[in-house]
Amino acid sequence: MLSIKNLHANIESKEILKGINLEVKAGEVHAIMGPNGSGKSTLASVLAGRELFTVTEGKVTYQGKDLFELSPEERASEGIFLGFQYPIEIPGVSMVNFMKTAVNEQRKHRGLEPLSSSDFLKLMREKKELVELDSNLTNRSVNEGFSGGEKKRNEIFQMAMLEPKLAILDETDSGLDIDALRIVANGVNKLKSPYNASIVITHYQRLLDYIVPDFVHVLYDGKIIRSGGKELAFELEEKGYDWLKKGIVV
Amino acid sequence: MSSEIIHSEIKNKLLDLYQNNHEVLKNGSPDYINKIREKAIERFRELGLPDKKNENYKYTDLKKEFDNGYKTYLSPKNIKFDMKEIFSCDVPDLNTKVILLLNGWYYDRENLLTELPGGAIIGSFQKASEIYPELVKKHFAQYADIENEGSVALNTAFVKDGIFLFVPKGVIIEKPIQIINVLMDEEEGFTQHRNLYILEENSQASIVVCDHTLSASNFLTNSVAEFYVGQNAHLDYSRIQNEHNGSKQISHLFFHQERDSNVTANTISLHGGLIRNNISVHLDGEGCENNTYGLYLTDKGQHIDNHVFIDHAKPHCISNQLFKGVLDDFATGAFNGKILVRRDAQKTQAYQANNNILLTDDADIKTRPQLEIYADDVKCSHGATVGQLDENALFYMRARGINKKEAKLLLMYAFAHEIIQKIKVPALKDRITDLVEKRLRGELSRCNFCQMHCCNS
Ligand SMILES: Nc1ncnc2c1ncn2[C@@H]1O[C@H](COP(=O)(O)OP(=O)(O)OP(=O)(O)O)[C@@H](O)[C@H]1O
Ligand SMILES: [Mg+2]
């Protein structure tokens, strides 16, 4: 589904990603862990198409297409969803309008008719219940004045609305209470099918109790320095990152 | 040096125009008006028109704009048009009464004055000055600044027709009154309508004024409106400026507020080649509230200059100014907001904000707050921003599948929304929402048809 080969990316001529290789197949769940500043969010942003970062080397194919040929909105419509580590507040744009535009733009991309207002509201109601999102939140401007946890929950709500093929969740678990954590995990697990895949970026092994990953990768200084099964997460929880860093030959 | 000569020529041309048409101007106006007319032309002779050397006109050279050789309208021109045809649009048939000025003259020559429920009167200013001399005399030229503003003196010297509204004590006009200023001619035209709105104590009215051009020729408008808002009276004034880009307009609004009165004035500028709005508010009684809002959406070579002056003359008044603008292409603009708090005006609250979004590197806005505070117990604030669309918000929307153009529109619309939601009349709010959306999408062009009902419910 997604194939990343030797990906290098810069910001303001500072290299952040220094040769990432990763293969994600349909049906898989990958977890990415790693210390602060190692480049996890950068990787997620580059995959979603953030122009702030310049790709200097490497190739990414998504469903057989060159990812870098696609605009951010095309990537989204082709099924890539990025759950933001820091969701953006957009004062004056209502959640309803935002979501309706997003859903219908994606439908248009796929050659489908736009949803009628009533169908859209029905869909919204369903998904709100699914992720137990407070009804009042969708009557407000996008993320405006939402608490940290509410913002994260809103990301999952959006994911549920858009039903992506590849979900990249950047620390969606940070700042969540235990109930919310369960809901986030549920969201990911519901999405799980032989046709979909997820990349879950997290600092906590705790999340992986709910979302059982097929692979765990450690990102350090712009490179994946170790990959393993879910047991790697336990090891990290126990020992931290130092033992891995030491093994690096610079 | 040479430009001085040209400029004084413009002044002389206008003085000549006055001299040559002295009789026409005086005919049909009562003596008390003609007396003021004489004084005004003398003042104009001294003041002339401001150019960029004048601090208040630093970004808009008025002198230049008047030097155009356009024809003036010293009497009503008989242009017949089928109202139905012009107003046929997406809104069903015309059923509410719309007040029309054509090139500055009251259009309905058969019914120059109309009585509204409760004894309110709307109609032609010229007719009113003849029929209600005491009323007009009491207020006409009392609030407009003829002393310092050359273009106001000029308008006063040439005063003929315009809108007259009188709302007597305690009368509440429920339905918004819609006024349309239509400019239409084969030739280039120069109009100077003069308007007088009198709201007596405890009265209420809401007025919607739309400025439109219905033919492609160039126009210049130099209009003045005076508003007397009596004790505890409420006025809700909305203005939609939507002339084509070959037109230029200088608009002066003078609001005089008595004790406990409340005025909200909302100016929405959509199209127009050059727009200079002078809005002047005199809070002359305790407990007044004034809200002066504006939204300007400009592109191409448009130029917009909003100039607001709020005079806190008495204690315990509140004023709020909020102006927001989006400038695209190589559009230019200026905002100047002056707040004067006089020594006696204790417990004043005066707030001002001007926020701008520039969509290109060539678009430009100058924004300048001016606070002059002579009282010590006051709350004042001001803030101005000039920025671009929020890149993070754009990316967030695009990452959800919303294309870049649509994402930009959503953000611009959100930005404008803050002003639109201040509009109190729901039907008008919907209509303006629609107009603004169309404007931002670039679908609202100069249009002889659909957009006319800017405000009909
Ligand atoms: N906009 C930016 N401008 C400059 N440097 C940036 C920018 N964004 C990221 N960086 C730098 O890139 C590096 C990687 O940041 P990134 O956000 O990808 O880390 P991360 O692994 O997600 O960290 P965390 O666990 O704290 O979320 C950091 O050194 C960061 O300072
Ligand atoms: Mg991060």
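Biologist: Which elements of chain A each supply at least two residues of the shell around ligand 1?
Modeller: Keep in mind that this is a predicted model. One contributor is a strand at 14–24 and the other is a helix at 40–48, and each of them supplies at least two residues of that shell. So the names you want are β2 and α1 of chain A.

Biologist: Which residues come nearest to ligand 1?
Modeller: There are 15 residues around ligand 1 to pick from. The ones that come nearest are A:G37, A:K40, A:S41, A:T42 and A:H203.

Biologist: How far is the polar side-chain atom of A:S41 from an oxygen atom of ligand 1?
Modeller: Let's go through some oxygen contacts of the ligand. A:N36 uses an N or O atom of its side chain, 3.0 Å from an oxygen atom of ligand 1, while A:S38 uses a backbone N or O atom at 3.2 Å. For A:S41, a polar side-chain atom is involved, and the distance is 2.8 Å.

Biologist: How much of the area that ligand 1 exposes when taken alone does the protein bury?
Modeller: On its own, ligand 1 exposes 630 Å². Of that, the protein buries 66%.

Biologist: Which residues are the protein donors of the magnesium ion, ligand 2?
Modeller: One donor atom is an OG and the other is an OE1, and they lie 1.9 to 2.1 Å from the ion. The residues sit 44 apart in the chain, one in helix α1 of chain A and the other in the loop between β6 and β7. They are A:S41 and A:Q85.

Biologist: Is A:Q85 buried or exposed?
Modeller: Buried means under 20% relative accessible area. A:S41 has 24%, so A:S41 counts as partly exposed. A:Q85 has 17%, so A:Q85 counts as buried.

Biologist: How many disulfides does the structure hold over all chains?
Modeller: A disulfide needs two cysteine sulfur atoms within 2.5 Å. The sulfur of B:C288 is 4.2 Å from its closest cysteine sulfur, in B:C317, so that pair is too far apart for a bond. B:C380 is in no disulfide either, with the nearest cysteine sulfur, again that of B:C317, 12 Å away. Over all chains, the number of disulfides is zero.

How values were computed:
Residues numbered from 1 in each chain as written. Chains lettered and ligands numbered in written order. Predicted model: local features only at pLDDT ≥ 70, side-chain atom pairs only at ≥ 80, totals over all residues. Heavy atoms only, no water. Near = heavy atom within 4 Å. Polar contact = N/O pair within 3.5 Å; in protein donor to acceptor, adjacent residues only side chain to side chain. Areas by Shrake-Rupley, 256 points an atom, 1.4 Å probe, with all protein chains shown as cover. Helix = DSSP H or I, 4+ residues; strand = E, 2+ residues; numbered from the N terminus. Donors = N, O, S within 2.8 Å, 3.2 Å for Na, K, Ca; no water. Buried < 20%, exposed > 50% of the residue type's maximum accessible area, 1.4 Å probe, protein only.
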